[in-house]
Amino acid sequence: MTREEILSHVDHTLLKPEATWPQIQTICDEAIANHTASVCINTCYVKQAVEYMAGRIPVCCVVGFPLGAMDTASKCFEAKTAVENGAEEVDMVINIGWLKDKRYELIEDEIKKLKSICKDKVLKVIIETCFLTDDEKIRMCDITTSAGADYIKTSTGFGTAGATFDDIKLFSEHIGEGVKMKAAGGISSLDDAERFLELGADRLGTSRVVKLIKAMDLSLIHI
């Protein structure tokens with residue numbers, strides 16, 4: 001797999017709470033230069049990033065991030081504002097407490113409401129796998145499929161662990177037709193990125209892949 005193929009699946013990500021607009025501009029420039037799938041940022045920068053991108057790369061944002069524990073109305077408002085500001089993709093965090101309480105109907109209803117706001121925009125559902133049992137992950141594959149979301153996503157990157165090969169393999173065995181997979185959090189090498197894609201992930205949420213490729217290019221220049 002070429003590095004261009006890998007980059008075409010990357011959501012180039014900056015979600016740190018201390019991120020500044022110049023830093024967001026930098027990842028936008030990197031995304032344009034490397035032809036990534038999107039840039040993934042917090043909602044406060046969506047409007048600026050959309051204007052800066054001018055249609056060159058889609059803007060993805062996170063909603064209910066990183067805990068997922070706010071009420072549904074708050075997530076809906078955040079998603080609606082983001083879409084109105086030009087976001088092409090929304091990555092929402094589920095309410096993990098509801099999943100632990102087996103309040104499956106509340107989770108499915110929330111996902112459906114956000115999808116109704118996103119409409120033809122992409123909705124990814126972050127389930128934060130590091131906090132879940134395999135049975136809970138399988139349940140979320142079913143719920144994500146039933147609710148009509150476009151992707152199931154492993155992690156926020158702010159939990160106790162990120163994406164694993166085992167989780168993507170498990171997803172692939174239980175998601176319904178039309179649901180794609182995003183591996184995110186802790187992807188630290190091009191080999192890992194390629195392995196996630198080989199297992200069936202369609203997107204990679206990472207800030208490191210572009211940096212790794214830039215470092216490789218610089219090392220070649222200095223040889």
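1. Let's start with the lining of the largest pocket: β1 (10–14), α2 (21–34), β7 (180–184), β8 (203–206) and α10 (208–221) each supply at least two of its residues. Helices (H or I, at least four residues) and strands (E, at least two) are DSSP runs, numbered from the N terminus. The largest share, 4 residues, comes from α2.

2. A word on the source: this is a predicted model, where local features need pLDDT of at least 70, side-chain atom pairs count only at pLDDT 80 or more, and totals for chains, interfaces and linings use all residues. Residues are numbered from 1 along each chain as its sequence is written, and side-chain values use heavy atoms, without hydrogens and water.

3. Back to the largest pocket, whose volume is about 620 Å³. Of its 30 lining residues, Thr13, Leu14, Leu15, Lys16 and Ser207 are the closest to the centre. By type, the lining has 9 nonpolar, 14 polar and 7 charged residues (Ala, Val, Leu, Ile, Met, Phe, Trp, Tyr, Cys and Pro count as nonpolar, Asp, Glu, Lys and Arg as charged, and the others, Gly among them, as polar). A pocket here is an open set of points on a 1 Å grid over the protein atoms alone, where a 1.4 Å probe fits, with protein on both sides within 12 Å along at least five of seven lines; lining residues have an atom within 4 Å of a point. Grid points are joined across faces, edges and corners, and the volume is the space filled by probe spheres set on them.

4. Please also look at the loop between β3 (59–63) and α4 (72–84), which holds Pro66. The peptide bond from Phe65 to Pro66 is cis, with omega near 0°.
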